[in-house]
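Dear colleague,

My findings follow directly after it.

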Amino acid sequence: MKRLSRIGLKGGEKMDKGYIEYICSLAKLEYDEENSDRIIEKIKAFDVYAEKLADIDTNDIKPLVNVNETINVMREDAVMPSLERNIILENAPEKLYGCIKVSKIIE
Amino acid sequence: MRYETVIGLEVHVELSTKSKAFCSCKNEFGSEVNTNCCPVCLGYPGALPVLNKKVVEYAVKAGLALNCDISLYSKTDRKNYFYPDLPKAYQISQDDMPICKNGFIEIEVDEEIKKIGITRIHIEEDAGKLLHGAGDEDYSLVDFNRAGVPLIEIVSEPDIRSPEEARLYLEKLKSILEYLEISDCKMQEGSLRCDANISLRPIDEEKFGVKSEIKNMNSMKSLERALEFEVKRQTEILLQGEEVAPETRRWDDAKSITIAMRAKDKTYDYRNFPEADLVPIVLEPEWIKEIKTNLPELPDFKRNRFVKQYGIPKYDASVLTLSKDLSVFFERCAKDYKNPKAVSNWVMGEVLRILKEREQEISNIKFPPEYLRELIDLIDEGLLNSSAAKLVFEEMFDTGKEPKTLLDKLGLKQISDEDAIGELVNEVLANNQESVEAYKNGKSNALKYLVGQAMKISKGKANPKMINSMLLERLED
Amino acid sequence: MNLYDLTLHEVHEKILEKEISAKDLLDSVFDRIDKVEDKVNSFITITKEKAHEAANKIDKKIAQGETIGSLMGIPMAVKDNICTKDVKTTCGSKMLENFIPPYNAEAYERLENAGAIMIGKTNMDELGMGSSTENSYYKVTRNPWNLDMVSGGSSGGSAAAVAAGEAFYALGTDTGGSIRQPASFCGIVGMKPSYGAVSRYGAVAYASSLEQVGVLTKDVYDCAIILNYLYGHDPKDSTSLNIVHDNFIEGLKKDIKGLKIGIPKEYYGTGIDDEVKNSIKTALKAFESLGAHIEETGLAYSEYSLPVYYIIALSEASSNFARLDGIRYGYNANDYKDLDDMYTKSRSQGLGEEVKNRILLGTHSLIDKNYKTHYDKAIRVRRLIKEDFDKSFQKYDLLVIPAYPTAAFEIGGKIKDEAAMYMGDLCTVPVNVAGVPAMTVPCGYNSKGLPIGMQLVGKHMGEATILRAAYAYENNASYTKLKPKL
């Protein structure tokens, strides 16, 4: 575990409930304090995975996102029919005046 | 303590492609809400984006016109955050490999040319529109027509040193983009949006001060006013020995102040990572060269050419080249014409005035440029005096009819026939004996009066110069 | 023999000979569903009326002399994360309980256009996250071979439906084994195509760079027939490949003399059931008798595929699932005090535990300070893993590994053995990381009578070789093929 300091948990940074609350806010999920210990364990186990990869020298290795390294897929600038508005609104839980309705936003 | 202003501008430009960036929905302003949407731009489960090649072309055009290096390899990334106008809860943008880098724009400040650096230009998609009521409803409404509309974001270096420079930068940028015809650049419609980062530092200090981000400046004027306000506000704070808070502020045009928006305590973590549903953009140098060769003439170049080619002053040329359509109109009138300065005067004067008055665009002007030449010719030939010419011009503008026709129709043909003038003069002299006497007794104003009478009788059609000289001749006898 | 027991190609023959109609097939299948569905729970939605309408139309077309394609009039099932127009598509989640897509997934549409008749949407682990179909919001699918056992996951419903005779074949998705493992547990064929071979449009994304839509069938020939329809470029999917593929039926019956098969040792370590090892050994003997050369080999980067897989999959999932917010569609909490509350409550109430945990891990993986050590690192090591496979396929035509270390485990049981859990991941995920095609082929049963599967892995777009080898094996397997006693 000697390299743990390299992964995420830099000096002074704790894997604690405050961090879990932060991650929950980023992911828009409810922070459940009772569950947070379990999540901490899961994150630690997950970081062990990253830890394992640190063994490999990838300084000269280019990232591979698409295994086929496909490039330049584009389409012509042409208009095709859109969805009918009533269909869009059918699936929306809350709607009004042809729009999707959400809680008041204060900018 | 004297402070230096440091400003950087982030400009978002909606590209005028036919379809959206990643789907084939119509890219159109002002459509009925939620009528230009599909599973892709609505972020439905399973929907996938496909890049519009026109977006790449337009971004490269912008990059070339702004003197940037065009990246031969660039890719898209996801910028993740939650907001109701962002359907996928991420924006497809470009993070570490933008399509253009390291450019510049030249502006003229106090008769000197100054280069403002452009850090980068990248491709991204716009979000939908939020509609808020004016009352106290507890909801907001979302229109997704704008979601997925292609944008380029143009980020300047913090090279701008005054609110005036900021406005000049934006004006020049807007002008260049219009010339490229990649956006209609309408700030009032939101197809050109500008945010500013502004900070102050003591003169000769190298380190940057704390910056405020200013949003909601919806016109060139409000950009300049907002930044002027900020300079004052930040100066006051610093002079009191306090620190400027790093925050985002909103310009309130009605109140003429900036107001702090809800405080962001930390910088939000967007967790940018490569967009795996799209593939990298790899450009051929040949293709970029082709685009460069086919770039339209840009404003600065055209302005300088107008000065040389038409012998008009730099000021005139600047006004005439502010808008591409205006410059095209001017050139169509002035090309191979004997009096380009007259054309310039008319275009800068009456044409611009009436366009503003009638709230019309020069591209929709009803009369062809040749008619303006004809009008000027008629004045030169003495067939129209200046006030009559203005009347003919207005009629020409409203109906698109030829000046010669209008001349006769309106009966405004200037009387320059010697005999007719002679008759007029006789009539005036006969009916205004007192004035004749007055003139002979040394009252030179009486001549003006007599000319006026002649114009009155002829209903303004007489050639005033001829009236004047003939009267003078007769009076001196 | 009951109609529902036959294979796709067998019933197609009967339709061609005008022995049976599409309606006959539907009746047989719905009869079977009436008898066994209560026990197996393969389906979330059964589309009986729609199926009968479709069968009606097709029978008319056939009567009018229209050419009868291989899929025409034959009932199939669709995993519930594959969008089907006007039919509820829930992904096994409460969040999408009432989501009715106004569009078809491309893969489904191609089959529908070919006359396939969908009879229902199958149960799955919520949003694809799981390997037992116990993580569905709706129900647990039971293994037709033993109702106390899981059917595998996340395409558990699809696998069970095919094994139980409720459908002749089913569409599934495979992000990290979700077609191959349930196929193995249910004793059927399961194919994960090469990355980019089949359009992902309309398949609800879990991990965009890892997954493919694939198929679960009763035998290899059926699989080949369906792949012909599924493969090919889709302009709606930017990652879909623009290449011409082989006709998968031609060449299916060619011999496999001289076929070079590699056995990577990393996949047969501790954790693999002895019975599984023995079944595969027997299968390899069959290959040898058909003229193939078997040789032990190694895939040195195998152990790194797990970290790479988990980091990439969870990172991408955390982003892909962010759109599930109950605003434009999906579950909306209704009782909230402000915008943030609306998001948080809707997502927390609409999504299950497992999904939420994985989203949190993925979010953690992508935060700024972790990016370099997690996602960025993983996608670089990914290149090494892919090259590892590429090198191997320069030497071998196929690699054979277990489809899973064990046969189906008990519902509520879970694999407790860590080594077995590790091997479970290892058998499935490297294939997705490298983007290569792989097929589960049943190769025996364990002492409890539960199916065992072996996995044939090919090079990218090497499906033809996989199919040929699988077909040859299938027709020369030494074990007696059974049917589940339902």
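In this predicted model, the largest nonpolar core holds 263 residues, and C:Met76 and C:Ile117 are the two that touch the most other members. Helix α9 of chain C, residues 302-320, gives this core its largest share, namely nine residues. If neighbours within four places in sequence are left aside, the contacts of C:Ile117 include C:Met76 itself, together with C:Gly73, C:Ile74 and C:Pro75. C:Ile117 also meets C:Ala22 and C:Leu26, as well as the alanines C:Ala51, C:Ala54 and C:Ala55. Another core lies apart from the largest one; it has 29 residues, including B:Phe306, B:Ile312, B:Tyr371 and B:Ala388.

Helix α7 of chain C (residues 220-230) packs against helix α14 of chain C (residues 463-474) at an angle of about 155 degrees, and their axes are 9 Å apart. Because angles over 145 degrees count as roughly antiparallel, α7(C) is roughly antiparallel to α14(C). On the α7(C) side, the residues that meet the partner helix are C:Val220, C:Tyr221, C:Cys223, C:Ala224 and C:Leu227. The α14(C) side contributes C:Glu463, C:Leu467, C:Ala470, C:Tyr471 and C:Glu474. By class, this contact comprises eight nonpolar and two charged residues, with no polar ones.

I turn next to the contact between chain A and chain C. Chain A supplies 42 residues to this contact and chain C supplies 52. On the side of chain A that touches chain C, at least two residues come from each of α1 (17-27), α2 (33-53), α3 (85-91) and β3 (99-103). The largest share of that side, eight residues, belongs to α2(A). In terms of residue class, the side of chain A that touches chain C has 27 nonpolar, seven polar and eight charged residues.

Finally, some remarks on chain B as a whole. Its secondary structure consists of 15 helices and 17 strands. The radius of gyration of chain B is 30 Å, whereas the globule rule gives 23 Å for 477 residues; the value is well over that figure, so chain B is more spread out than a compact globule. The C-alpha trace of chain B spans about 95 × 55 × 50 Å along its principal axes. Of its 477 residues, 43% count as buried. Among contacts in chain B with a separation of 6 or more, 69% are between residues 24 or more positions apart.

With kind regards

Definitions and conventions
Residues numbered from 1 in each chain as written. Chains lettered and ligands numbered in written order. Predicted model: local features only at pLDDT ≥ 70, side-chain atom pairs only at ≥ 80, totals over all residues. Helix = DSSP H or I, 4+ residues; strand = E, 2+ residues; numbered from the N terminus. Rg over C-alpha atoms; globule rule 2.2 N^0.38 Å. Buried ≥ 20, exposed ≤ 12 C-beta atoms within 10 Å, placed from the backbone. Contact = placed C-beta atoms within 7 Å. Axes fitted to C-alpha atoms, helices over the stretch in contact; angles between N-to-C directions. Parallel < 35°, antiparallel > 145°, perpendicular 65-115°, else oblique. Nonpolar A, V, L, I, M, F, W, Y, C, P; charged D, E, K, R; others polar. Core = buried A, V, L, I, M, F, W, Y, C linked by C-beta atoms within 7 Å.
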